[in-house]
Amino acid sequence: VRVRGPARLIASGARLLLRMLSALPGRGPAHLQRPLLGPASHLGILRPAMTAHSFALPVIIFTTFWGLIGIAGPWFVPKGPNRGVIITMLVATAVCCYLFWLIAILAQLNPLFGPQLKNETIWYVRFLWE
Amino acid sequence: MGSMFRSEEVALVQLFLPTAAAYTCVSRLGELGLVEFRDLNASVSAFQRRFVVDVRRCEELEKTFTFLQEEVRRAGLVLPLPEGRLPAPPPRDLLRIQEETERLAQELRDVRGNQQALRAQLHQLQLHAAVLGQGHGPQLAAAHTDGTSERMPLLQAPGGPHQDLRVNFVAGAVEPHKAPALERLLWRACRGFLIASFRELEQPLEHPVTGKPAMWMTFLISYWGEQIGQKIRKITDCFHCHVFPFLEQEEARRGALRQLQQQSQELFFFWGGQRRWVLGETERFLSQVLGRVLQLLPPGQVQVHKMKAVYLALNQCSVSTTHKCLIAEAWCSVRDLPALQEALRDSSTEEGVSAVAHRIPCRDMPPTLIRTNRFTASFQGIVDAYGVGRYQEVNPAPYTIITFPFLFAVMFGDVGHGLLMFLFALAMVLAENQPAVKAAQNEIWQTFFRGRYLLLLMGLFSIYTGFIYNECFSRATSIFPSGWSVAAMANQSGWSDAFLAQHAMLTLDPNVTGVFLGPYPFGIDPVWSLAANHLSFLNSFKMKMSVILGVVHMAFGVVLGIFNHVHFGQKHRLLLETLPELTFLLGLFGYLVFLVIYKWLCVSAASAASAPSILIHFINMFLFSHSPTNRPLYPRQEVVQATLVVLALAMVPILLLGTPLHLLRRHRPHLRRRPAGRQEEDKAGLLDLPDASVNGWSSDEEKAGGLDDEEEAELVPSEVLMHQAIHTIEFCLGCVSNTASYLRLWALSLAHAQLSEVLWAMVMSIGLGLGREVGVAAVVLVPIFAAFAVMTVAILLVMEGLSAFLHALRLHWVEFQNKFYSGTGYKLSPFTFAATDD
């Protein structure tokens, strides 16, 4: 396999990086076979590779979270002259922040195109994020 | 504090103040700051009002106070601040204060006059000594030695009298800039009969009045002839020269010089010009007087200021001579009415009379009163900067507390910058009670300090939106693992090293299995910060986000208008205005939001190549046309869209004609019955004159009368139609332009992100990449980081912060508030002395 000069440098650099990371305690040459382990596997944390992010779980968590703040929170505001303003603030914060988060996650739910990466980036990310 | 939802109820009260107690009552009201007096004597000029004499006396006193203050400042002392509560003094005390002040002022003037006289005397002596001491050698020598022979030929020419053969001298001093003119004039006028010599002093003398050093030119004129002498004296008088007697004999002159020096020494000693000399009489007396001034002036100023304010307020009351009392009208919050009555009762029972206040009905629009604390004050301030709300209309401020920082943060989103702003604001908030901070005079600091709670919330929300945008000083963080798997793409597409070496850029394809693993749970996926096409994705995301936020914000504004219509009893507007408005807005732009969300949910990467374009669909919706290449998002889309457009267009005539026709129809029976009914109204008006406002029918500039259904007889059809037409056009066109205006959220957040990235790439990134040795890199990083920090604060925090602030403010003032807020009211500004107390 013939590779160009600088490309060979980068490829060897990636391998050097990998060897450095694998030099951390706990892992031996078996690591080079690269079982399907997730990120931070070189640190000894065993995790299945790149678990599919679920959509339902974050939605449930954040809806509950902002729902608690926006719907349940107003019941616990102590009586006083500022009660109305504090309730307004809680509800407005919950609505704004929840809506903003929801837009961000919905926009990424069904991507129509993927990221365009440089080859150097691909070289190291393909090993780093696994 | 009360609710900020709408203005508190404000009532017009009529106060009856017996003459004996009027002053104390008003002074007590001023201390409490509860009421705003209405001017009942608006048609009377300031010079004809009842208490004009007292006001004038107060003003004269204030002039004297200013003079005393100036003297204190000239002596280099500082006036202490007044301590304790200082109520307005009763009128009889004014005379005492006046006398004392006048006495002090006179003494100070005398002392100053003495000082001036002494200084002038000293100056004269010094000048005389300088003139005498100055050597005009050759002239004098010539005058002494070659006396007779020199003079002979000169005397014969004019053929004048032969008695005055002696040489006389005129010696004096003149200012240097006048010396050439003097010399020329002397030569022209008395040529041949005088010899003048001008010489400048070596050292400047201190000017007696200004204290600045001034240079003098001494001259010695030797002349012969009495008439020449008179001419010379007239000329020197014209030039305002100081002329001194000049003795001929040298010893006599020396004796005179010695005497002068002795005199000036005594004077200097006596005057005590510098502190290290023994203090002269004058100086001691002066310090005594100034001490009394320092004691009298601060409380005196406060008291006289309050007194003047009370008299100005009393001038606004009308006099009822039959009842020997003053009648005042004031606006007072209904909640404060008991406190008002108690205050009046307390201050009038001291005098043995009773002052009363009772509420009267009023046709004018009352002022708006919204109580705020130091947190809500800044938000109410930015709403009021646009316009104070009409009486009892919905106040946008409580929602602005959150939406304003939120919209700012959408445009500013960056965790690092938000954190810096939050910490800065936190420091100001925690230090807000320290006196050093409160007393700072710098205007720019005061501006930031007054908005510290605003900055606090803005920073906090910016941290949140920074996490969502996944930007911390333009760097992305992977809190969760990324949803895009580069390895899967590489493995499945056969990206070997050789392949990668040949292709500089490669794109991940979400259609390949295992490449896209799901949406990032919190925010934007970190892989996009590594991507070259990240702007393509982010722009699409941010534009859609801006439209969604904009439509939600505007719909909320329209909904707030419902509360206004219900409160003012205009329920017909709910059906005839709010409903059409909401239908129009949501039918068109709410549908756009629906399309956006539907496409996000239902169009997946598998059909990416033929994905429908929302923009084309939206355009075709209005043009009722069809693009064959653009597939529909859902079945029967065209039918739905056509229905919505027709519905929205149908709302326009309802909006345009609904309310005017309804109002006209309701008042047509009134209009017909009006001639008969008017006489009854007039009679009723005369009968309840004692109760009605004395000032009720006078013109009030800013107070627009609210149209009540029963009372108005001025329903002009053309005006109503015109008003409604303007409102309709404004709303319908505004819907389109305002929705587009919200795209500034996208524009500014893009600008901020790009600036941040450029700063990192050009400064820090290069700095971190410099040098392989640890030592070199560390040393070089220090100035590079300094540059990075300075530019971050100056460009990204200050400039971008101001910019985002401005645009968020505009979005609130224009796009949000024009859906429901009129802002044509005026604030209740109570009569208070509070400005003088702090």
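Predicted model: local features only at pLDDT ≥ 70, side-chain atom pairs only at ≥ 80, totals over all residues.
Local features require pLDDT of at least 70 and side-chain atom pairs count only at pLDDT 80 or more, whereas totals for chains, interfaces and linings use all residues. Residues are numbered from 1 along each chain as its sequence is written, chains are lettered from A and ligands numbered from 1 in the order in which they are written, and side-chain values use heavy atoms, with hydrogens and water left out.

Residues 55-77 of chain A are 74% helix and 0% strand, with end C-alpha atoms 33 Å apart. Residues 84-107 of chain A are 100% helix and 0% strand, and the end C-alpha atoms are separated by 35 Å. Helices (H or I, at least four residues) and strands (E, at least two) are DSSP runs, numbered from the N terminus.

Residues 547-566 of chain B are 100% helix and 0% strand, with 30 Å between the end C-alpha atoms. Across residues 774-799 of chain B, the chain is likewise 100% helix and 0% strand, and the end C-alpha atoms lie 35 Å apart.

Also in chain B, the axes of α3 (residues 91-133) and α9 (residues 281-314) come within 9 Å and cross at roughly 145 degrees; axes are lines fitted to C-alpha atoms over the stretch in contact, and angles run from 0 to 180 degrees between N-to-C directions. Contact (heavy atoms within 4.5 Å) involves residues including B:Leu104 and B:Val111 of α3(B) and B:Val289 and B:Tyr311 of α9(B). The contact residues comprise 15 nonpolar, four polar and four charged. Ala, Val, Leu, Ile, Met, Phe, Trp, Tyr, Cys and Pro count as nonpolar, Asp, Glu, Lys and Arg as charged, and the others, Gly among them, as polar.

The second largest pocket has a volume of about 620 Å³. On a 1 Å grid over the protein atoms alone, a pocket is an open set of points where a 1.4 Å probe fits, with protein on both sides within 12 Å along at least five of seven lines; lining residues have an atom within 4 Å of a point. Grid points are joined across faces, edges and corners, and the volume is the space filled by probe spheres set on the points. Of the 23 lining residues, B:Thr447, B:Phe448, B:Gly451, B:Leu455 and B:Leu802 are the closest to the centre of this pocket. The largest share of the lining, six residues, comes from α26(B).
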